[in-house]
Amino acid sequence: MAAPDTSKLTSSAEVFAAHTLPQIRAVHKSLHAQMDEKSARLRTQVGNSYRELLGTADAIVRMRADMLAAQDVLARMGGACGRAVVGAKVASLAGFRASADDADADPRLARVARARLLSACALAAGRLLRSGGPAEGRGDRLVLAAKVLVLKRLLVSSFGPVDALDGEVRAAVEGARKSLNSLRRRLLRAVEKTLEKVGEEADRNDILKALTAYSLASSSGAKDVLRHFLSVRAEAMTYEFDIEEHEKERDAENVLKGLDLYTKTLLDVQAIVPSKLSDALSQLKKQHLLADESLQGLEGLRLDIYEKWCGDEIQYFTPFIRHDDLDGKQAREMLSSWAQKGGETLLQGLRRTLEHISEFKTIVGLRTSVLQRWINDGGKAKGFDPSTMLNGLRDAIDERLLQILETRVAKLKLVGSEVAATVEAWQPGTSDQHRGLWNEEIVDMEASGGANQITHEIISRLYGRNDAVARVVTSYESWHHLIGSVGDLIDQLKRQRWDDGVEEIEDEDVIAERQKLLSKDDPEVLQKKLDETTQEAFDDLDRHVTSTWKAASDSTDNGHISMYILRVLRDIRSRLPNLNGVKSFGLESVPSLHEKLAIHVSTRPLEDFASSALTRRRVVGRALWEGEPALPTQPSTGAFKLLRDLVMSMGDAGLDLWTPAAVKTLKQSFGKQLVEVWRKELISEAVDDQHTNGDGEKTSEEKPSTPENGSAAEASNGTPPVEHTTQSKSEKDKDIFIQWLYDIYLLQQCLGDEVSSEESFVAFVEGAFEKTGLENGAKDRLAKASQEYWKRTSLLFELLA
């Protein structure tokens, strides 16, 4: 339904009287829309009016400021245009012009003018030589300063003796004479600074202008100018390598700066001498000094006013400089002589600088920078063989690299010194302290340090790396890291490419020869030296460790010392350099170390076995024997305890020590000691048997006629007859021998065929078998039973299996 036209409504009563509720709502919406539209238009209109008002206010403020400025200007103009002021200026100007037209009649005025010009020259030269000015136009400023210096020198000379001068002029001339030498020194120092600059900030045109300024300031010809230039560059090179002149130590930057000075000098001299330098010097003589446009344009001098007071000697002065006293041949000779001396200075400075650098990597980086820069720039100089300087640089750097390499490799002796010091100051219970893998301290270790710390501690304990071993291992790892980094740097040298810059095209044979020289020959020399010195260092270390062990092998702590040295040798041999000559390091001492270790480990178990098991005269498990004849099927408690004690002793020494070679040596040593101990017991048993049999026979011979009385008496006393006692003891000894034979067979299985096949061991077994009185079949049963028992129980003695 369409909304009523609200423009025809005159009051609200008409809306409610003649329209329905939907129409009323439509009227309400229409009125609200009209109200919003009118409000928006009103806000826009008010905003535009406000911005116009602000613009008008700003214009009024600017107009007020301009009006005040105009009033100030008019006030100053009014004050300067007064009748008295203008009249005084006109009168003074008329008098000055009259005096100027008659200058010869008034010499004093001319002296005053020259004195003013003299002061202006000092100020102008000071501004031109002031440090911190823009780098552009540095050479032009130096030439202009030199011209001002020459003008000042002429002005000072024009006054003659100062005694006849007035006070003010006299003071000005005396001050100018005193400052003339200072100004000349400042100019020459500025020239030297410009000549010393090389690199990107150096401009060859500035160098030429600086040489021109030096020629003006010192009235030198082309030959003297070239000599001064070469002298400045030589002093700059010497300064770069003079440690007394530097607040800090010399480094690679000084070497590169010295090399740049050398190469840029060769190129600069060949570029500007003799033609450009002669032309520049001849340009100075083509016009009078005061006619120079640069001097005329120097605002501080005011030559448009003071020139006419300067007299003919100054106005028509032309610099006289020998510009043709240097030809190409002389220049080449001077440059060749300088190049020879400069090359020697450069190489000597390089050697002195390298003496203060001890990092192999730093010198390798310096080598790359120096040689690459010489390859790029050294070949551009005509008439010079770049290979001569290249070989000199190579020799100096390689010599230092070889020295550092030898010094680093020689540090391996510190490992031997640490081993010797530990052995000499050996403290039982401290030096040989072995930290167990399951100690409470490792269980209580904080995990906040990460898994690496826990892993390192577990590995250290597993491999027996106590503090004494860790010191040696840490020292060796540091050395190994140094040598490894040296090897990596040598490999890096082999991969380097030594191409010239894109600006020059060299012959392929020259590039190939240089590549072979720098990336093959030099690294091969370094690698050969590294291998030789490493071989010598390991030989010395091997001799040192061997001599240390020989000196300590007879001490009471030789067992623990052998463990210490074995662990040191193992950790060193695990990270040996890849050289055939060092693969046998430490192997000469290993057998004796293993022997002492075996003796140390097996002594106590054997002593306990000999004192307890072998002295027992009764077979504990006799009732468990089987078969016919009855034979044992398991070892005696003493034999089992012997194996258990031996394995426990091996474990206490450290599981890391028992390599196959160490176990083999232990079995051999243990077998020999076991045979000696058991043979003594067998011999003592045989002697006891003989004594026992002898006593029995003697008793029988003494009482042959009273068997009945004797038997009755012995029966009443509870003592068995002598024959019965002898027979019973013989049977017990036989059981003991049978049990021993079983134990021997079991130990034979443990020790292996190599030990059991030895002649002494075989003889010992045969002797024990004879004591048993068994047949060969029973012997085979015992051997087979012991073999089966060992198969079932060998895992209990895994270190010996």
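Colleague: Where does Lys667 lie?

Modeller: Lys667 is in helix H25, residues 660–702. Helices are DSSP runs of H or I, at least four residues, numbered from the N terminus. This is a predicted model: local features need pLDDT of at least 70, side-chain atom pairs count only at pLDDT 80 or more, and totals for chains, interfaces and linings use all residues. Residues are numbered from 1 along each chain as its sequence is written, and side-chain values use heavy atoms, with hydrogens and water left out.

Colleague: Which side chain of opposite charge is nearest to Lys667?

Modeller: Glu754, 8.6 Å away.

Colleague: What does the side chain of Lys667 reach?

Modeller: The backbone oxygen of Leu800, at 2.9 Å.

Colleague: Switching to rings. How many aromatic pairs are there?

Modeller: The count is 14. Rings of Phe, Tyr and Trp (its six-membered ring) pair if their centres lie within 6.5 Å; planes under 30 degrees apart are stacked, over 60 edge-to-face, the rest tilted. Trp678 and Phe764 form a tilted pair, 6.0 Å centre to centre with 45° between the planes.

Colleague: What does that pair tie together?

Modeller: Trp678 lies in helix H25 and Phe764 in helix H29 (residues 759–772), so the pair ties together parts 86 residues apart in sequence. Both Trp678 and Phe764 are buried.

Colleague: Which residues make up the cluster?

Modeller: Ring pairs link Phe609, Trp678, Phe737, Trp740, Phe761 and Phe764.

Terms used. Helices (H or I, at least four residues) and strands (E, at least two) are DSSP runs, numbered from the N terminus. Buried means under 20% relative accessible area, exposed over 50%, partly exposed in between (1.4 Å probe, protein chains only). Lys and Arg count as positive and Asp and Glu as negative; His and the chain ends are not counted. A salt bridge is a side-chain nitrogen of Lys or Arg within 4 Å of a carboxyl oxygen of Asp or Glu. A polar contact is a pair of N or O atoms within 3.5 Å; within protein, one must be able to donate a hydrogen and the other to accept it, and residues adjacent in sequence count only if both atoms are side-chain atoms.
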